[in-house]
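Student: Could we go through this structure together, starting with how its helices pack and then turning to the ligand?
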Amino acid sequence: MHRIATTLHEKTRIVVKIGTNLLTDKLSGLNHDRINSLARGVSHIQSLGYHVAVVSSGAIGAGVAARGLKERPMTMPEKQATAAIGQPILMEAYEAAFRTQAITVGQILLTKDDFVNRARYLNARNTLAVLFENRVVPIINENDTVAVEEIKLGDNDNLSAMVANLVEADLLIILSDIDGFYSDDPSHNRHAELIPIVETITPRIEKQAKKSGGGLGTGGMMTKIQAAKLCTSAGIAMIIANGSNPRVLQEIVSGECRGTLFLPATHRLNVKKRWIGFVSHPRGSVRIDEGAKAALTNHRKSLLPSGILEVTGVFNEKDTISVLDVTGNEIARGVSGYSSAELAMIRGRKTDDVETILGRRAHGEVIHKDNLVLLSK
Ligand code: ADP
């Protein structure tokens, strides 16, 4: 049996995401045994000195059972009403399960705005830090009752990766109804094989990740691979393992678990860089030449006006922008030192000429290296 071993240190923050299929039964509501074993697992890893946050789906599932519905609701208001009914039932189940482990839980409901708006992002981060210091386990879910389609993060796989980023976690554990990531969806292909370690998320890996094979799950492996991309490029390891095993968390921290480990592509980034690279929305882009690309990717230099070929979009100084290579692939994101109008004037020009062209005092870099995040391929 393959074992996944990760190097964890004291104060390591671990985010555990638990999927709908594991938590809810089609119509009978929440699976309390599973919530109890999750609480035991979290208690075990907390006793080793790690901080743990849980990202949990299941509000709609719990609401469906409470309302005695035969099907999951289809319309947005019905879904949101069902989530409003189910969320406290879900929390009650967590509260009871963790109380038997002498652990207090706290509820955090997030929307996309809480990540995109930097002030709210830092605020959420500070709240979570206080909960961690007090050994409280935050139970996090998307705020389904207020989030309309346009402002939704959509699925809890991506939410859990954003949370792992927000709390500067070292590890995200995604518990699903399957042992890990396979070469193909095992519910359709019985020759599919478990892939124990993914070092780089190649286009092939992305192709192998299919949607959910059935049940109540939503994103399947596709959203889990998106989550893995986000985590690994921010320097966070990710594990997919089978949450039907009641001792899965204990086995993961002792390196005895079967599953898939996604290795981080870089060292952990600081909070500002995480926000620039993975949370804020680019307002525009610059396309750069090969020389500038090499300076950024091989020599970790700042981006200068001389390497810029083209400016797209309308943005202000200090907005986040995408950096594209000659072929249009996004290779980095960063905070622009200039507006799009100014960049259009100085693109391709020497740094020394910038002040003369703009008629004002200006620093040389278009994106300073401290405000630049390279995206892994
Ligand atoms: P959860 O609620 O745990 O997020 P999902 O149903 O969304 O569960 O995702 C897990 C499902 O993804 C698996 O049960 C499987 O049917 C499907 N799947 C698609 N492609 C793959 C793959 N390459 N490896 C493993 N599972 C896959």
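This is a predicted model: local features need pLDDT of at least 70, side-chain atom pairs count only at pLDDT 80 or more; totals for chains, interfaces and linings use all residues.
Student: Which residues in helix 3 meet helix 4?
Tutor: Ala59, Ile60, Ala62, Gly63, Val64, Ala66 and Arg67 in helix 3 meet Glu78, Lys79, Thr82, Ala83, Ile85, Gly86, Gln87, Ile89 and Leu90 in helix 4. Contact means heavy atoms within 4.5 Å, and helices are DSSP runs (H or I, at least four residues), numbered from the N terminus. The residues of this contact divide into nine nonpolar, four polar and three charged. Here Ala, Val, Leu, Ile, Met, Phe, Trp, Tyr, Cys and Pro count as nonpolar, Asp, Glu, Lys and Arg as charged, and the others, Gly among them, as polar.
Student: At what angle do the axes of helix 3 and helix 4 cross?
Tutor: They cross at roughly 95° and come within 6 Å; axes are lines fitted to C-alpha atoms over the stretch in contact, with angles from 0 to 180 degrees between N-to-C directions. The two helices are therefore roughly perpendicular (65 to 115 degrees).
Student: Turning to the ligand, how many residues surround it?
Tutor: The ligand is surrounded by 26 residues (a heavy atom within 4 Å), with Ser176, Tyr182, Ser212, Gly220 and Lys224 the closest. The shell comprises six nonpolar, 13 polar and seven charged residues.
Student: Which helix supplies the largest share of the shell?
Tutor: Helix 9 does, with three residues.

Definitions and conventions: Residues are numbered from 1 along each chain as its sequence is written. Side-chain values use heavy atoms; hydrogens and water are left out. Angles under 35 degrees count as roughly parallel, over 145 as roughly antiparallel, 65 to 115 as roughly perpendicular and the rest as oblique.
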